[in-house]
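This report describes selected features of one protein chain.

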Amino acid sequence: MSEKNNIENIVKKINKIIFDNNLEKIIEMTYSYKKLDNDKYYNLTLFDDFLWYKKIKNIDFLFLKENLEKKLNSIINEILILLEELKNIALDEKWKILYKSLLYIKKILKVVILWLEFELEKAWYKSSLTKKQKVDIVNQIEEIEEENFWLKIKNTLSEIKLIHDFLFSLFIETKFRINSQEQLFFLNYINKLNVFLDKKDIEAKKINKKRNNFTFWNKLISRDKYSKLFSFIITELYKMPQKVIITNASSIYDGENFLEIPNKDTHKELTYKRVLELIVHEIESHYINSFNNKILLWNFRWARNLEKEEGLAKIMEAFLAWDDEATAVFVPTYMAKILYSELYSGDDFYKFIDIYNKMHTLRRHPINEFLRQKRNYSMELQWGQHKDISYWRWMIKALEYINKWWDFFLLFMWKVWFEDLDKLDSLYEENKDRLLFPVFIWDIISLYLDYKEKAENFIFDIDFIVNYLENKYHFKWIERFELRKNIWNKKDKIKKLLNLIDDLEK
């Protein structure tokens, strides 16, 4: 058997391990919870989807713990066997990436075993661990989190400065929404950050104030209508295989086979702006990237691919927010939450989220924001997950990559780390006629609705669209996209989509 066939078989085994075992959401820490009695929360992703344990009453926690550890260790052993198989193949540079990817997944699964105690505790499980033992576990998790998601915010003064200035401005503008005790609580946090900064001359990244502010962005669109819009863009405009379904997911999730939309009240209606952000993030970033990755790299997610994946998706959202190139980026409001979780215990952290929500409305209910930040961590202790920090930091890294290499194009090709992007360019030449690239349909929708509001009679043709996009993104950034050709090839579908938009408006 050839080396290439050997590698292909190994990748098929890896994909079988991940997708057949419902591991994808666990590796990406995309959890759904079910509320039990007395403010307890049951991890559906770990216990129901992964372990197929369907009971939520009279839960056998010992069974859950033992069988989860057993199943995860079995998968880790399968990965160790595959690593040995790869050692026996003379790999060139690009296939060494595959080896690194397996090591990365093995490391993540070992961390999952470490944090089981905390996810069980969120339900009715009575842990026998002392506080010191829990802290020791957290320290182990923190070490691995830091390796994969970079430094804590409290160790990064430039980010503390950004958060401090943002919170101070927020307090001045919205303090009337909270009572005097809540104001004092909020100011104590700002003062704590002052101690960190200690009057040091910290240069924070500049914030670009030039933002799009389309009037239609605040209009609400129902779940039924935006689901139809997502479905059309995925299956008709781009001819990708995923279906749109309504599930008990905690947030909209770009799964391998389905784009999952939560059945919760939080997603009963969304603003047009949020719908466009999701088109940007989930469809024209993640799904197009997945489509190409399946052709080029057998659908396998390579080591540290999240850096490039989420960096690309967030920078695409930034392009939606600004009407010029995103040479500066905004302070994500969730960074203030993450920093707070690093500094304070669980009770204080929940109180902060509740106050923060009154001042700066969050996307989720405060308890869901709390659970999101405490994924894999104790609800009682300080500390919280750092994956969400990565969106901000990786967006900056994606922007730096584009500005340095002028190759926006490569970011849509495969699920790999930034440093591995240029090692795989030859695969593009062999497969370029089969690949997909975005036509920036969210820009087209925004432009269409904006012009429709402003002018009764306007010419909205393909040349107008392409000229706008080439001007917005600077042609050098997108010349390898063959944008004019792709938009002309999809012109009938684009017109049909705009007709659908008109119907949704009725």
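Is I367 buried or exposed, and what is its relative accessible area?

## A residue of helix α14

The model is predicted. In it, I367 has a relative accessible area of 17%. Because the cut-off for a buried residue is under 20%, I367 counts as buried. This residue lies in helix α14.

Leaving out residues up to four places away in sequence, I367 touches Y41 and Y350. I367 and Y350 are 17 residues apart along the chain, and their C-alpha atoms are separated by 7.5 Å.

## Packing of α13 and α14

Two packed helices are described by the angle between their axes and the distance between the axes. Helix α13 (residues 346-359) packs with helix α14 (residues 366-373) at an angle of about 130 degrees, and their axes are 9 Å apart. The two helices, α13 and α14, are therefore oblique to each other. The crossing in which α13 passes α14 is right-handed.

On the α13 side, the contact is made by G346, F349, Y350, I353, D354 and N357. The residues contributed by α14 are P366, I367, E369, F370 and Q373. By class, the residues of the contact of α13 with α14 comprise 6 nonpolar, 3 polar and 2 charged.

## Packing of α7 and α12

A second pair is formed by helix α7 (residues 157-174) and helix α12 (residues 334-343), whose axes come within 10 Å and cross at roughly 115 degrees. It follows that α7 and α12 are roughly perpendicular to each other. Their crossing, that of α7 and α12, is left-handed.

Helix α7 supplies E159, I160, I163 and L167 to the contact, while M335, A336 and L339 come from α12. The contact of α7 with α12 has 6 nonpolar residues, no polar residues and 1 charged residue.

Helix α11 (residues 305-321) has 17 residues, which at 1.5 Å a residue should span 24 Å. Its end C-alpha atoms are 25 Å apart, in agreement with that expectation. Helix α11 is mostly covered, with 17 of its 17 residues buried.

Helix α21 (residues 491-505) consists of 15 residues. From its first C-alpha to its last, α21 reaches 21 Å, close to the 21 Å expected at 1.5 Å a residue. The buried residues of α21 are I494, L497, L498, L500, I501, D502 and L504. The elements that cover these buried residues of α21 include β3 (220-222), α9 (223-237), α10 (272-297), α17 (441-454) and α20 (483-489).

## The loop between α16 and α17

V439 lies in the loop between α16 (425-431) and α17, and F440 is found in the loop between α16 and α17 as well. V439 counts as buried, at 0% relative accessibility. F440 is likewise buried, at 0% relative accessibility.

Which residues are in contact with V439, leaving aside its neighbours within four places in sequence? They are L237, Y238, E284, I444, L469, L483, N486, I487 and K490. V439 can also be placed relative to E482, which is 43 residues apart from it along the chain, with 9.5 Å between the C-alpha atoms of V439 and E482.

## Residues with positive phi

Most residues other than glycine have a negative phi. F440 has a positive phi of about 55 degrees although it is not a glycine. For W52, also a residue other than glycine, phi is positive and near 60 degrees.

The place of W52 is in the loop between α3 (44-50) and α4 (61-87). W52 is exposed, with a relative accessible area of 60%, whereas F440 is buried.

## The chain as a whole

The secondary structure of the chain comes to 21 helices and 7 strands. The chain has 506 residues, of which 57% count as buried. Among contacts between residues at least 6 apart in sequence, 73% join residues at least 24 apart.

Technical notes:
Residues numbered from 1 in each chain as written. Predicted model: local features only at pLDDT ≥ 70, side-chain atom pairs only at ≥ 80, totals over all residues. Heavy atoms only, no water. Helix = DSSP H or I, 4+ residues; strand = E, 2+ residues; numbered from the N terminus. Expected span 1.5 Å × (residues − 1). Buried < 20%, exposed > 50% of the residue type's maximum accessible area, 1.4 Å probe, protein only. Contact = heavy atoms within 4.5 Å. Axes fitted to C-alpha atoms, helices over the stretch in contact; angles between N-to-C directions. Parallel < 35°, antiparallel > 145°, perpendicular 65-115°, else oblique. Left-handed = near helix turned anticlockwise from the far one by under 90°. Nonpolar A, V, L, I, M, F, W, Y, C, P; charged D, E, K, R; others polar.
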